[in-house]
Amino acid sequence: MEGVEQVNRRLEETIRSLERAGSLAVQMTAAQCVVYAKQRAPWTDRTGNARRSIHSEASNQNMTAAVGIGVFYGKYLERSNGGRYRVIDPTVFSYGRVEFMKNLKGIM
């Protein structure tokens, strides 16, 4: 069959392009989640350390990102007091999901 190699090459280019778009969407969403979490943190901290320590790390290889709090007591903010001071969980699992889909659609 003629053209099979060309079709395969174009298919591989398309796959690479989609992988780049997905990786970019993950990175953009992680950065947006950090800003969103810092703005909507439901606590008042005297030093600002907890709010400043909210960060993200993204991996290009497997299109993943992590959003977290860098202070030692961040886990207590997320898990204690019946979730009253949660910020990471709601940011990632509600805001992050919606924004990821918007970012992915916008890039594609």
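Which element gives the largest share of the lining of the largest pocket? In this predicted model, the largest share comes from H4, with 5 residues.

## The largest pocket

The largest pocket holds about 250 Å³ of space. Its lining consists of Val-26, Thr-29, Ala-30, Cys-33, Ala-65, Ala-66, Val-67, Val-92, Phe-93, Gly-96, Arg-97 and Phe-100. Three elements, H1, E2 and H4, each give two or more residues to this lining.

Several lining residues of the pocket are also buried. Among the lining residues are Val-26, Thr-29, Ala-30 and Cys-33, and these belong to the buried residues of H1. Gly-96 also lines the pocket, and Gly-96 is one of the buried residues of H4.

## Helix H1

Helix H1 covers residues 4-40. H1 has 37 residues, and the distance from its first C-alpha to its last is 53 Å, close to the 54 Å expected at 1.5 Å a residue.

The buried residues of H1 are Ala-21, Gly-22, Ser-23, Ala-25, Val-26, Thr-29, Ala-30, Cys-33, Val-34 and Ala-37. The elements that cover them include E1, E2 and H4. An α-helix has 3.6 residues a turn, so residues three or four places apart point the same way.

## Helix H4 and its kink

Helix H4 spans residues 88-107 and has a kink of about 45 degrees, centred on Gly-96.

Buried in H4 are Ile-88, Thr-91, Gly-96, Glu-99, Asn-103 and Leu-104. Their cover includes helix H1 (4-40), strand E1 (54-59), strand E2 (64-69) and helix H3 (74-79). Glu-99, which is placed in helix H4, counts as buried because its relative accessibility is 12%, under the 20% cut-off. Apart from its neighbours within four places in sequence, Glu-99 is in contact with Thr-29 and Gln-32.

## Aromatic pairs

How many aromatic pairs does the model contain? The count comes to 2 aromatic pairs. In one of them, the rings of Tyr-36 and Tyr-95 have centres 3.8 Å apart and planes at 10 degrees, so this pair is stacked. The pair links distant parts of the chain, with Tyr-36 in helix H1 and Tyr-95 in helix H4, 59 residues apart. Tyr-36 counts as partly exposed, at 23% relative accessibility.

Phe-72 and Tyr-73 form an edge-to-face aromatic pair, with 5.1 Å from centre to centre and 90 degrees between the planes. Phe-72 is exposed, with a relative accessible area of 69%, whereas Tyr-73 is partly exposed at 27% relative accessibility.

## Two loop residues with positive phi

Met-63 is not a glycine, although its phi is positive, at about 50 degrees. Met-63 is placed in the loop between E1 and E2. Is Met-63 buried, partly exposed or exposed? Met-63 counts as partly exposed because its relative accessibility is 35%.

Asn-81 is likewise not a glycine, and has a positive phi of about 55 degrees. Asn-81 lies in the loop between H3 and H4. With 53% relative accessibility, Asn-81 counts as exposed, the cut-off for that class being over 50%.

Key: Residues numbered from 1 in each chain as written. Predicted model: local features only at pLDDT ≥ 70, side-chain atom pairs only at ≥ 80, totals over all residues. Heavy atoms only, no water. Bend = angle between axes of the 7 residues up to and from the residue. Helix = DSSP H or I, 4+ residues; strand = E, 2+ residues; numbered from the N terminus. Buried < 20%, exposed > 50% of the residue type's maximum accessible area, 1.4 Å probe, protein only. Contact = heavy atoms within 4.5 Å. Expected span 1.5 Å × (residues − 1). Phe/Tyr/Trp six-rings, centres within 6.5 Å; stacked < 30°, edge-to-face > 60°. 1 Å grid on protein atoms, 1.4 Å probe; cavity = no way out; pocket = protein on both sides within 12 Å on 5 of 7 lines; lining within 4 Å. Points joined across faces, edges and corners; volume = space filled by probe spheres on them.
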